[in-house]
Amino acid sequence: MQELWEAIKNLPKGKAPGEDGILTEVFQTLWSIIGEDIKAWILEVLESRSIDTSLNSSKIVRIPKKGDKFLLTNYCPISFLGTPYKILVKTLTNRLKQHLDSWIVPSQTTFVQGRSIFDSVLMANEDISWAEESNQNLVILLLDFEKAFDRVSWNFLQASMLQLGFDTKWIS
């Protein structure tokens, strides 16, 4: 219950609700009344490895960016998820966060709290200075994959998670 409460109280307030129309603040305010039901639902989802599609669905709205409005690449999709699903995801995310330092190498500078992509620029400058001072050859390669997540090999990801010690329930 404490783990769930931590997830719920840290969900952002004032955000648009999902299709259920229930704001995060409702769950926070009524936690003492509905907490056990939320816990039972989450345990059921984790045990059965399935979730009711009405709770797992989202409303996607396209927000226009700059450029030609007739190109889909010039839109940013925003997804409105229901609060129960947000609670589940936040709880699982909090569990993962406890292990990130042992899984993510220090040179990973993006998508990690407290790190910045600009750290990569500083590291590159340090490498260049080292190479110049020590009269060493240096090759720097920058790779930027557009929509990299869409290109992830699921088999590789699953094998990596097994190697890290994830339970098969978590992976599935």
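These questions and answers work through helices, salt bridges and surface features of a predicted model.

Student: What distance separates the end C-alpha atoms of helix 3?
Tutor: Helix 3 covers residues 31-48, which is 18 residues.

Student: Which residues of helix 3 are buried?
Tutor: The cut-off for buried is under 20% relative accessible area. In helix 3 it picks out W31, G35, I38, W41, I42 and V45.

Student: Which helices are included in the cover over the buried residues of helix 3?
Tutor: The buried residues in question include W31, W41 and V45. Their cover includes helix 1, helix 2, helix 4 (53-56) and helix 5 (83-97).

Student: Which residue follows helix 3, and what is its phi?
Tutor: The residue after helix 3 is R49. R49 is found in the loop between helix 3 and helix 4. R49 is not glycine, yet its phi is positive, near 60°.

Student: Is R49 buried, partly exposed or exposed?
Tutor: Buried means under 20% and exposed means over 50%. R49 has 48% relative accessibility. R49 therefore counts as partly exposed.

Student: What is the phi of N135, and where does N135 lie?
Tutor: Phi of N135 is near 55°, a positive value in a residue other than glycine. As for place, N135 lies in the loop between helix 7 (118-133) and helix 8 (154-163).

Student: Is N135 buried or exposed?
Tutor: The cut-off for exposed is over 50%. N135 has a relative accessible area of 70%. N135 is therefore exposed.

Student: How many salt bridges are there?
Tutor: A pair counts when a side-chain nitrogen of Lys or Arg is within 4 Å of a carboxyl oxygen of Asp or Glu. By this rule, the count is three.

Student: How many residues apart are E3 and R95?
Tutor: The side chains of E3 and R95 form a salt bridge, 2.6 Å from N to O. The pair links distant parts of the chain, with E3 in helix 1 and R95 in helix 5. E3 is partly exposed because its relative accessibility is 33%, and R95 is partly exposed at 36%. Their separation in the chain is 92 residues.

Student: What separates K9 and E6 in terms of helical turns?
Tutor: K9 and E6 meet in a salt bridge at 3.3 Å, N to O. K9 is partly exposed at 35% relative accessible area, and E6 is partly exposed at 27%. Both residues are in helix 1, three residues apart, so their separation is about one helical turn.

Student: How many residues apart are the parts tied together by E47 and K169?
Tutor: E47 is exposed at 55% relative accessible area, whereas K169 is partly exposed at 35%. Their side chains meet in a salt bridge of 3.3 Å, N to O. E47 lies in helix 3 and K169 in helix 9 (residues 168-171), so the parts tied together are apart in sequence by 122 residues.

Student: Which residues make the nonpolar surface patch, and what is its area?
Tutor: The residues are I22, L23, V26, L30 and I33. One of them, L23, is in the loop between helix 1 and helix 2 (24-29). L23 counts as partly exposed because its relative accessibility is 36%. The patch has an area of about 390 Å².

Student: How far apart in space are S172 and L92?
Tutor: S172 is in the segment after helix 9. S172 is exposed, since its relative accessible area is 58%. In sequence, S172 and L92 are 80 residues apart. In space, C-alpha to C-alpha, the distance is 13 Å.

Terms used. Residues numbered from 1 in each chain as written. Heavy atoms only, no water. Patch = residues over 30% accessible without salt bridge, like charges linked within 9 Å, V, L, I, M, F, W, Y side chains within 5 Å. Areas by Shrake-Rupley, 256 points an atom, 1.4 Å probe, with all protein chains shown as cover. Helix = DSSP H or I, 4+ residues; strand = E, 2+ residues; numbered from the N terminus. Buried < 20%, exposed > 50% of the residue type's maximum accessible area, 1.4 Å probe, protein only. Expected span 1.5 Å × (residues − 1). Contact = heavy atoms within 4.5 Å.
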